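Student: I would like to go through this structure with you. Can we begin with the overall picture and then go to details?

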Amino acid sequence: MITRLKDIGWLILGAAITMGGQTVSGTNALPPTPPPYTAGFYPLDQVHRGQHGIAYTVFSGTRPEPMEVEILGLLHNALGPGQDMILARLMGAKPEYTGVVAGMSGSPVYIDGKLLGALSYRIGLFSKEPIAGITPIAQMLEVAHGGPGLLAASKGTAADELPPVSDSVQTDAIRPMDTPLVFSGFDQQALAFWKEHAPAALGTTAVAGIGGSSGDEKQPDPIVPGSAVSALLMRGDLEIAATCTVTYVDPKQLLACGHPITQYGPVSLPMTKAQVVATLPSPYNAFKIINTTETVGSFTEDRESAIFGRFGEQARMIPITVTIHGEATPHTLHMEVVDQPQITPSVIMVAVFQGLMQRNNFTAETSYRVQSTVDISGYPQVRFTGLAAPGDLPANLTAALMVGEHFSRIYDNAARQAPIHSVNVEVEAIPRRLTAQLESAQSAATMVHAGQTIMINAAIRPWHGEIKNIRIPVTLPAVLPEGNVRLLVSDGSTLDRLTQSPSRFLNSQPLDVAATIEQLNSEHENDHLYVTLLDPSPQAVVDGRTLTILPVSMANVLEPMRQNQKLTLNGESAVPLASVPIESVLNGQQVLTLKVE
């Protein structure tokens, strides 16, 4: 390790501690010494009750402050087989006032100047004393298997001599210190949307508006043990950041938190410095209010015992642009979101949801026409067009779910190899509720001939409006068998269920990337009325493509493909004949029976 104390430039602070505008003095106030760098690691087998140490964390600003720690004992296998935890009491005016603080996890603890581990677990919810659990440094070093410099620094302890990482066994009494997931630029409705749709395994506490971003502003103070550090899920006009404390740092890498943020294993999250604006005391959930500042690298591992970051490394991010029209001045949001399979679709959905409700023009009756595109290296562009209108759900929520569902189908595809370059969402805000119901449909003629053009009359009832009669000219195929044929007059989703593979709706074996794109780009718009011939000939859906009116001989040849779910074979073909725009989200279907002479 390289000593960087000469670069830190610590201010000489008084022994008195200022709290809430008042000066609080105490015999246990510690001198303002900086965290040590080079004294090594304290052996776990020498830990015993009654020892005293020093922990470092940031209560305000960017520079860590010391607080005394009293060791209460060692809890063997407290977090799982081979995963011990050290129990300690925090001492001093500030920790006794604030209690165990969300964002404090990772605060390094030293005994005799040697690094013991990280404050990382809290005991109970309404504890009258600031009692915390410490993750031993040896367990944190396991996360750095790919970092030989860290393992060498553990005084010769070989990687294969360390106990294996295992899943933690949590109890109600022992749980990780909360990691605040700060949503900057979001309101409470967006926060509620996130809590409903975010992955259940995400180990963070979502907080709206308590913190912010300084836009990659330079922060002169270096990252040292005890500094606040943030992992970003989104940055730009909107930001989502999880913040904890640095335990160990050297010129190339660092360890933080002492517990997982997501526990996704390999990750790629921007790593930034952070400034603590204030520490908010609370007997239930004290937390740090922070601003993120300059990006310094990337977190590459998120494991049971720590998160691991590398300085200078670029995180993989997906640019997303949300442009809202239909107002006096178009409004555009520019963001970058993480490229992480378990979480990216949720991050994109909450960004679209917030973008559609933060304007003064938003009302409960507003509808949105959405056009989104996804650019993927080596594949055709993914396109989606749809209309979102108020109904059982608000229109902005429906629009966000529409974008998220289509993005997820391509992003979650297990066969996806190529990177996603960008996501663009164009939204037109329409200040009225655009929904309609198909009331009835009939044909002007019931006796028809092949190739004949007939008129279909459809009755459409708009929301709180008078019934409108729609006339649709339909030309029948030039070849039709004699007897009865059926015409389906319907909305787009009904037609999709007839022309697409059941895997689209039943979550069966996914298609490959090219087939998924083909299927997405062939979906029918939800603001059109469609007329479809239901032909009694077989229909096959192969790799996202629909083959209609197949000869029986070809259907027999394709039959074996059904065994590996690459093909869906139906006894009836859906042949599109005509469509007309309705300019409203349409629901309903009618089946007409005609006789061919």
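Student: What percentage of the residues in the protein is buried?

Tutor: This is a predicted model, where local features need pLDDT of at least 70, side-chain atom pairs count only at pLDDT 80 or more, and totals for chains, interfaces and linings use all residues. Residues are numbered from 1 along each chain as its sequence is written, and side-chain values use heavy atoms, leaving out hydrogens and water. Buried means under 20% relative accessible area, exposed over 50%, partly exposed in between (1.4 Å probe, protein chains only). Of the 597 residues in the protein, the buried share is 54%.

Student: How do H5 and H6 run relative to each other?

Tutor: Helix H5 spans residues 188-197 and helix H6 residues 344-355. Their axes lie 10 Å apart, at an angle of about 155°. Angles under 35 degrees count as roughly parallel, over 145 as roughly antiparallel, 65 to 115 as roughly perpendicular and the rest as oblique. H5 and H6 are therefore roughly antiparallel.

Student: Which residues of H6 meet H5?

Tutor: Contact means heavy atoms within 4.5 Å. H5 contributes Gln189, Ala190, Phe193, Trp194 and His197. Their partners in H6 are Ser346, Val347, Met349, Val350, Phe353 and Gln354.

Student: Is Arg383 buried, partly exposed or exposed?

Tutor: Arg383 sits in strand S23, residues 382-388. Beyond residues up to four places away in sequence, Arg383 touches Ser372, Thr373, Leu520 and Asn521. Its relative accessibility is 45%, so Arg383 counts as partly exposed.

Note on methods
Axes are lines fitted to C-alpha atoms, for helices over the stretch in contact, and angles run from 0 to 180 degrees between N-to-C directions. Helices (H or I, at least four residues) and strands (E, at least two) are DSSP runs, numbered from the N terminus.
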